[in-house]
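Dear colleague,

Please find below the structure that I am handing over to you. My notes on what was found in it follow directly after.

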Amino acid sequence: MGIPTPNYPKSRFIRAVHFDKTRIHKGDGDMWPLTWADDGHLYGAAGDNMGSPMNFWRIEGDPYFFAGLFPFLVDNLPLDPAEYCTDPQVHPKIGLKPAGIICVDGVLYWAVVGMNYGEERYGFRQRNVHGWIITSHDHGKTWNRQATDRYFFTGRVAAPSFLQFGKNNAGARDEFVYAYFASSKEGVSFWENGDEILLGRVHQERILDRAAWTFYGGLVEGEPVWVRDDREAVPVFEYPYMTGENHVNYNAGLGRYIMGNYGFVGPDGNPLPYHANEEVRGPSQLTLFEAREPWGPWKLFYREDNWGTFGDYNPTFPPKWMSEDGKTMYLVSSGSFDDYNFTVQKVTLEIDEEER
């Protein structure tokens, strides 16, 4: 078997992608879900570093040159594993990870998950057991850790990643907040090498009300149907055993939703989850997609089968760092070993205006 290929048509709108030869490395940790807050800064979270399973950061400056970008640690232990890793399915010491974050009306909504990666029955994939939301009204200095129940999200929708628009969610398509959920045919959520992505939404004034959440159930006469039972949700993206815990960002200059996907493969090219065999790790595959709507249909505009130095992951393109015409973006990612930090790389796009 060769390296997997996503079953999506090639984009005719984004015709070419050029990555800058240099990458900026700042801070420490991995995953880095990000949001553009009302004070103009990016805020995000990192996992498994500085003696903590998860911490919270403020990103100041811009990535136009190395010295102009400053990550500041705001909270090194927002959640104590001794208190929040009590579920027997969750790793007792490092079972906390960031999933997604969004700023709406100056409030930070941070989705966190309890996870485990030591389960043989799931191929040692990092499984998101349950997720919940904590909130901050002071940009992460203090948190309401009881904003929702700890089992707010479970099963196939355990780990939400919020769709990002502009500063403080400006430019959002409507009054709803949208979130993507990494899922699988097994009905559970995996951080890496899952099968599909689900889409949910909730009115921006009811983010903390689980009963207000609905999920994409397909199209009827070209319009999306939203269902309340996540078991009836229909995937908006499918890439069997190669779907990551993806982030989606709106590129206003292009009028497109941009999604980065990652999946790990072994030396033989077959899919191999990150934690399945830590002595025989292969590279990761990066695939980039664009769509006119949050639910697709998605079109592939870039593929790299040996991404990063030792296999990178969690690609995202912060809207704050997109040019006005949308043709310049900055890829934020992380990875193993020397990429285990806040990694930033400039990306330039060539587009076909006739396909706009």
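In these notes, a residue is called buried under 20% relative accessible area, exposed over 50%, and partly exposed in between, with a 1.4 Å probe and protein chains only. The model is a predicted one, in which local features need pLDDT of at least 70 and side-chain atom pairs count only at pLDDT 80 or more, while totals for chains, interfaces and linings use all residues. Residues are numbered from 1 along each chain as its sequence is written, and side-chain values use heavy atoms, with hydrogens and water left out.

I begin with the cysteines. Cys85 counts as buried because its relative accessibility is 7%, and Cys103 is buried as well, at 1%. A search of the whole structure for disulfides (pairs of cysteine sulfur atoms within 2.5 Å) returned 0.

Next, the overall fold. The chain holds 1 helix and 24 strands; these are DSSP runs numbered from the N terminus, with helices (H or I) of at least four residues and strands (E) of at least two. Along the principal axes, the C-alpha atoms fill a box of roughly 55 × 50 × 45 Å. Of the 356 residues, 58% count as buried. Contacts are heavy atoms within 4.5 Å; among those between residues at least 6 apart in sequence, 59% join residues at least 24 apart.

Most residues other than glycine have a negative phi, and most peptide bonds are trans. The peptide bond from Gly296 to Pro297, however, is cis, with omega near 5°. Pro297 belongs to the loop between strand E20 (284-291) and strand E21 (299-307).

Met31 has a positive phi, near 85°. Met31 is part of strand E3 (residues 30-36) and counts as buried, because its relative accessibility is 4%.

Asp105 also has a positive phi, near 55°. The loop that holds Asp105 runs between strand E7 (96-104) and strand E8 (107-116). With a relative accessible area of 63%, Asp105 is exposed.

Yours sincerely
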